[in-house]
Amino acid sequence: MSLFWSVIRQLAEIEAMAATSKKFITRNEWEKKLNDVKIRKEDMNKLVMNFLVTEGYVDAAEKFRKESGTEPDIDLGTITDRMAVKKAVQSGNVEDAIEKVNDLNPEILDTNPQLFFHLQQQRLIELIRNGKVEEALEFAQEELAPRGEENQSFLEELERTVALLAFEDVKNSPVGDLLDISQRLKTASEVNAAILTSQSHEKDPKLPSLLRMLLWAQNQLDEKAAYPRITDLFTATLEDPSV
């Protein structure tokens, strides 16, 4: 975070100079600017807790709470229930996931027709994956077709899903991606976000957004100056500017 604010501050300073040529900033100058930025440890701890809670790392969140004294903004017990729903979708047990969501809060699906459709669509995908062709067709006709008649987007998604039945080599077909694990993860992520929203919690952790802001700030500053920049977010190592 300190690097992000340093980049923002430096960008403002350079733009204020209105110079026609790029400014060259040495590593010593840049590190001094980084050291001048003060971030409270409490704010850093809240950022970490936000990530752990949003992503569902309940054990890590509990341990971090005890070690840092940082209180989460939701009951950690609700994380276990939310992760049970997410795990059910990821394993293809969609009916169980729907039951668990309704146990948590029936209004989640009642007020979110798109989410409910996507869960039902995932149920259809799982039936096709398991070779239950007749059951899949019956389910599509009774549960999904009526929703498709009311919503053009739903209809297109339904047609694409049913098209899985038309290919012998489904995995290499134009719709083969629906059988990838990424499709389950996408649906699970959508359910997870809906549950968080129902609990008045951000659906996305703040840390990735801050990292995206850091990259944006660096890209803006690249046009104004040569400076030590981060090219690998995993190590956060500063790379010396080219002369």
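Predicted model: local features only at pLDDT ≥ 70, side-chain atom pairs only at ≥ 80, totals over all residues.
How close do the axes of helix 3 and helix 4 come, and at roughly what angle do they cross? Residues are numbered from 1 along each chain as its sequence is written, and side-chain values use heavy atoms, with hydrogens and water left out.

**View 1. Helix 3 against helix 4.** The axes of helix 3 (residues 41-55) and helix 4 come within 9 Å and cross at roughly 160 degrees. Axes here are lines fitted to C-alpha atoms, for helices over the stretch in contact, and angles run from 0 to 180 degrees between N-to-C directions. Helices are DSSP runs (H or I, at least four residues) numbered from the N terminus. Helix 3 and helix 4 are therefore roughly antiparallel (the term for angles over 145 degrees). Asn45, Val48, Met49 and Leu52 of helix 3 touch Ala60, Ala61, Phe64, Arg65 and Ser68 of helix 4, where contact means heavy atoms within 4.5 Å. Six of these contact residues are nonpolar, two polar and one charged. Ala, Val, Leu, Ile, Met, Phe, Trp, Tyr, Cys and Pro count as nonpolar, Asp, Glu, Lys and Arg as charged, and the others, Gly among them, as polar.

**View 2. Helix 4 against helix 5.** Helix 4 (residues 58-68) and helix 5 (residues 76-90) have axes that come within 9 Å and cross at roughly 165 degrees. This pair is therefore roughly antiparallel too. Here Val58, Ala61 and Glu62 in helix 4 meet Leu76, Ile79 and Thr80 in helix 5. Four of the contact residues are nonpolar, one is polar and one is charged.

**View 3. Helix 6 against helix 8.** The two axes come within 9 Å and cross at roughly 160 degrees, which makes helix 6 roughly antiparallel to helix 8. Val94, Glu95 and Ile98 of helix 6 make the contact with Leu119, Gln120, Gln122, Arg123 and Glu126 of helix 8. These contact residues divide into three nonpolar, two polar and three charged.

**View 4. The second largest pocket.** About 250 Å³ of space lies in this pocket. Of its 13 lining residues, the closest to the centre are Glu95, Arg123, Glu126, Leu127 and Glu135. On a 1 Å grid over the protein atoms alone, a pocket is an open set of points where a 1.4 Å probe fits, with protein on both sides within 12 Å along at least five of seven lines, and lining residues have an atom within 4 Å of a point. Seven of the lining residues are charged, three polar and three nonpolar.

Key. Points joined across faces, edges and corners; volume = space filled by probe spheres on them. Helix = DSSP H or I, 4+ residues; strand = E, 2+ residues; numbered from the N terminus. Parallel < 35°, antiparallel > 145°, perpendicular 65-115°, else oblique.
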